[in-house]
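Reader: Hi! Could you take me slowly through one part of this model, the way its helices pack together? I'd be glad of one connected explanation.

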Amino acid sequence: MDCQCLNVAKDCIKALLKKFPESKRVGRLEGMLLEAKGSWAEAEKAYSSLLEDNPLDQVIHKRKVAMAKAQGNISGAIESLNKYLEIFMADHDAWRELAEIYVSLQMYKQAAFCYEELILSQPTAPLYHLAYADVLYTLGGLENLQTSKKYYASTIDLTGGKNTRALLGVCLCTSAIGQVSKGKNKEDKESPELQSLAAKALEKEYRQKADDKLGLLTSALRSLKI
Amino acid sequence: MVAELKYEISQNAYIKLVLHALKHKTTAVNGILLGRVNPQNDSVVEITDSVPLFHSNLALLPSLEIALIMIEEHYGSKGLGIVGYFHANERFDDAELGIVAKNIGDHICRYFPQAAIFLLDNKKLEALPMGKDQSPVMQLYIRDASKNWKLAGPDGGSRLVIKEPAANAVLSDYISSEKWQDVVDFDDHLDDIKKDWLNPELFK
């Protein structure tokens, strides 16, 4: 189905149906085939009837979200996904999907909430720390920038200092914090160590692996310190 | 009366962006257009190169800011600047210019007021292998006097042209040989800095 070979998919499903006539999974595949063909109403019917027999089938709930998204009904997708997460709040993929949808609509506060849930449930997963930091930086404002810097730092910690995005994030935050607190009473608790360590780590990485870009990196870092 | 600006994109810049979109069919992608105003004719903006940017989380600032700094630095030393923005929507039948694209476009206009947004035209792209159309598979958007992004009118077809007339034929070739696998974007670079977002070997 991913390759748009719908006839092949149809034949496969027929064969599966013969062998497993009452199977939920085959029922789902039939629904997916209808989706792939663009027969949204029929797919909706198929999934709804499957849900009647199995109201707690997570995959089918998520297929309905996917259908809403595919038809461009993003607000519908958000609503369904939120309802889904009220029941299945441990579904990390669903939280991630919701966060990404919110980001694409520039609803950063809501996206931040999703990443907070993810960090709570998986505090050692660097991906969520990094994504949360990115969202906070995008939201802006002194408090968010300071928190963002902390989460870039925790990402660096969790990834052994190897994550380029987090290292760059620290530099960006430092520069932005400097800009925002210009002229305000500087309670300079900000030690410059973190940012210069990050800069050094980046320069080392680039020197080793992307030597031709080292000049660009250095001038970028220079322009950030202003 | 503001003279009607024409935008001329080089074959390589054009193909790079379309291949990038094809590499990441299931997500939105974006890119930066580099170039300058034609020194002999200031009603023409030449796009001489492009940099594919991201295929995930296009609306987050940190990577975008770093990318813009590095891109400006690199091309600035060659006398070129950022002259526009390319965007391809996630879904096939979404032909609208979204808010993220408009915001990035607005930002670029602060530094280059004649900046344009090129939006991938999925239907034209689909029809590409079947026709002899030499016009680009993109739609041109420019800002009007009230700073709103508008699709360049029915004659928009002639305001956005590809410099080399055979570009679509070359593009179709590349599509059949799945050349999109070789395109590196800024996301790829941030994940592995050995990957070069300048794509120096792509058209060799």
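**Helix packing in chain A**

Author: Happy to! Let's start with one pair: helices α7(A) and α8(A) pass each other in a left-handed crossing (the near helix is turned anticlockwise from the far one by less than a right angle; clockwise would be right-handed). Before going on, please keep in mind that this is a predicted model, in which local features need pLDDT of at least 70 and side-chain atom pairs count only at pLDDT 80 or more, while totals for chains, interfaces and linings use all residues. Residues are numbered from 1 along each chain as its sequence is written, chains are lettered from A and ligands numbered from 1 in the order in which they are written, and side-chain values use heavy atoms, with hydrogens and water left out.

Two packed helices are described by the angle between their axes and the distance between the axes. For α7 (residues 108-121) and α8 (residues 126-139) of chain A, the axes lie 9 Å apart at an angle of about 155° (axes are lines fitted to C-alpha atoms, for helices over the stretch in contact, and angles run from 0 to 180 degrees between N-to-C directions). That angle is why α7(A) is roughly antiparallel to α8(A) (over 145 degrees; under 35 counts as roughly parallel, 65 to 115 as roughly perpendicular and the rest as oblique). On the α7(A) side, the contact (heavy atoms within 4.5 Å) includes A:Y108, A:A112, A:Y115 and A:I119, and among their counterparts in α8(A) are A:Y128, A:Y132, A:V135 and A:L139. By class, the α7(A)-α8(A) contact has 11 nonpolar, two polar and two charged residues (Ala, Val, Leu, Ile, Met, Phe, Trp, Tyr, Cys and Pro are nonpolar, Asp, Glu, Lys and Arg charged, and the others, Gly among them, polar).

Further along, α10 (residues 164-180) of chain A takes part in two pairings. With α11 (residues 193-209) of chain A, the axes come within 9 Å and cross at roughly 140°, which means that α10(A) is oblique to α11(A). This crossing, too, is described as left-handed. From α10(A), residues including A:L167, A:V170 and A:T174 make the contact, and α11(A) contributes, among others, A:L194, A:A198, A:L202 and A:Y206. That contact counts 10 nonpolar, three polar and no charged residues.

The axes of α10(A) and helix α12 (residues 214-224) of chain A come within 9 Å as well, crossing at roughly 30°, so α10(A) is roughly parallel to α12(A). Here A:L168, A:C171, A:L172 and A:S175 of α10(A) meet A:L217, A:L221 and A:L224 of α12(A). The residues of this contact divide into six nonpolar, one polar and no charged.

Stepping back, chain A has 12 helices and zero strands (DSSP runs numbered from the N terminus: helices are H or I of at least four residues, strands E of at least two). Chain A is more spread out than a compact globule, because its radius of gyration is 23 Å, well over the 17 Å that the globule rule gives for 226 residues (taken over C-alpha atoms; the rule is 2.2 Å times the number of residues to the power 0.38). Along its principal axes, the C-alpha trace of chain A spans about 70 × 40 × 30 Å.
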